[in-house]
Amino acid sequence: MILSNATPDRRIPGSKLLAWSFLADAAADLGFVAVGAAPSGKVPAPALAAYRAWLDDGRHADLGYLARNEAARADTSHRGILTGAKAVISAALPYGSGATDQGVWGAVAAHARSIDYHAGMSERLESLARRVVARFPGARFRVLVDAAPIMERAWAMAAGLGSVGRHGGLLVPGAGSRVWLGEIVLTDVPVPEPVAPRVPFESCGNCRACMDACPTGAIVASGVVDCRACLSYHTVENRAGSLPEAVAKSVRLIFGCDACTSACPLDAPGVTCALPAPPEAGPPGIGPAELAAMDDAAVARLVEGTCLARTGAAALRRNARLAAAHIAGSGIS
Ligand code: B12
Ligand code: SF4
Ligand code: SF4
């Protein structure tokens, strides 16, 4: 078990209050590799400033939702998140190389080679939240995984889970960045002690491997990813019939991109995926070329219950055609 907070007494960061010291064990039981708690309220100012600069530069492409709900995103005690919140628990669940690489899943980014993490992780966080409420009866909570206006990496840093790397991902000491993040925001609990502010990129030293490995130059500065150039953005979020030429020629996976996270020397080997494989394995031997030829219903059956379902059959076929063309061109079979 790797816990970023594996101090001798196993107290979690931000838990000088003994009231919170049970949390590390409870989270480890549920498969999390790191957990911490921070006082609810305003997002640390440097993180918010970095976020606003990113939006001002248009780096969110057409992800308009990232520019909405500004007040809630800046403050977890705002009514848009949870009025009266006192604490934010941040937790990291490992995905490693994903739950399977069979068939078409071998051509999908590691974070999506399992059941949909939004559902899978929310379930685990609900279980953790129930244990917290058993300690602090009367507490109300809200579980968040990706879907609400919350800066998950900034809260993970504030809760002491680790520090962001130059690829923008939160690096958990001993586990690396192949972790999903999620939060439990709570009312009526003791306010955790703040942890010392973490410095972004502090684990990176002189390394720039992720920036060098990015096929499209999308990491434009330390921790700054421009969606307009990012393969993950285009293969997951962009539903257009065709992709910009500079991006299209670099598509290798039918969903997401692992080039920057795979290049990271802090990515710990042997970290296994905490969630089960997708419900549908698909016919044996199926790859991008076969997926590109499937009709909507067959694609929908194959990706049901996974993160790929939201992207839709047409965009997945477009990605699969590009990935298959690369495989054919490079002689990979
Ligand atoms: C939009 C989004 C994307 C976009 C943009 C990515 C990006 N780098 O911003 C796209 C579609 C490209 C994307 C891709 C991926 N994503 Co994404 N994505 C998100 C989402 C919904 C919002 C991120 C966001 O607001 N970005 C804007 C930046 C500016 O803000 P930020 O993320 O808060 O991070 C910055 C600040 O917090 C800052 N910071 C904090 N403190 C301080 C202090 C100072 C002084 C400074 C300067 C900065 C700073 O550091 C961070 C990096 O700069 C989050 C979920 C969420 N709600 O947070 C998931 C999330 C970030 N994605 C995730 C994943 C897994 C991925 C992929 C690895 C998937 C894949 N394999 O294809 C890739 C990785 C690409 C990459 N290199 O970032 C995970 C990351 C887990 C982790 N370990 O960090 C998240 C947290 C989802 C989850 N719940 O697990 N994603
Ligand atoms: S996900 Fe791929 S395209 Fe996006 S920043 Fe990382 S390496 Fe570059
Ligand atoms: S590859 Fe190097 S620079 Fe990039 S996040 Fe990992 S350690 Fe940091």
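Leu308 lies in the loop that links α11 (296-303) to α12 (313-329); helices (H or I, at least four residues) and strands (E, at least two) are DSSP runs, numbered from the N terminus. This is a predicted model, in which local features need pLDDT of at least 70 and side-chain atom pairs count only at pLDDT 80 or more, while totals for chains, interfaces and linings use all residues. Residues are numbered from 1 along each chain as its sequence is written, and chains are lettered from A and ligands numbered from 1 in the order in which they are written.

**Surroundings of Leu308**

- Leu308 counts as buried because it has 29 C-beta neighbours inside 10 Å (buried: 20 or more other C-beta atoms within 10 Å of its own; exposed: 12 or fewer; partly exposed: in between; C-beta atoms are placed from the backbone).
- Apart from neighbours within four places in sequence, Leu308 is in contact with Val108, Ala112, Phe255, Val303 and Leu316 (contact: C-beta atoms, placed from the backbone, within 7 Å).
- From C-alpha to C-alpha, Leu308 and Leu23 are 32 Å apart in space, and they are 285 residues apart in sequence.

**Domains**

- The protein chain is divided into domain 1 (18-187) and domain 2 (209-269 + 276-329), with bounds that come from an automatic or database domain assignment.
- The centres of the two domains, taken over C-alpha atoms, are separated by 23 Å.
- Domain 1 gives 33 residues to the contact and domain 2 gives 42 residues.
- On the side of domain 1 that touches domain 2 there are 16 nonpolar, 13 polar and four charged residues (Ala, Val, Leu, Ile, Met, Phe, Trp, Tyr, Cys and Pro count as nonpolar, Asp, Glu, Lys and Arg as charged, and the others, Gly among them, as polar).

**Ligand 3**

- Ligand 3 lies between domain 1 and domain 2, because both give residues to its shell.
- The residues around ligand 3 include Arg166, His167, Cys204, Cys207, Cys210 and Cys264.
- By class, this shell has eight nonpolar, two polar and two charged residues.

**Strand β6**

- Strand β6 (residues 179-187) is largely enclosed by the rest of the structure, because eight of its nine residues are buried.
- Strand β2 (residues 85-94) pairs with β6 in the antiparallel sense over nine bridges (strands pair if DSSP finds at least two bridges between them), and Gly182 in β6 is the bridge partner of Ala91.
- Strand β3 (residues 141-144) and β6 run antiparallel and are joined by four bridges; Leu144 stands opposite Glu183 in β6.

Terms used
Near = placed C-beta within 6 Å. Contact = placed C-beta atoms within 7 Å.
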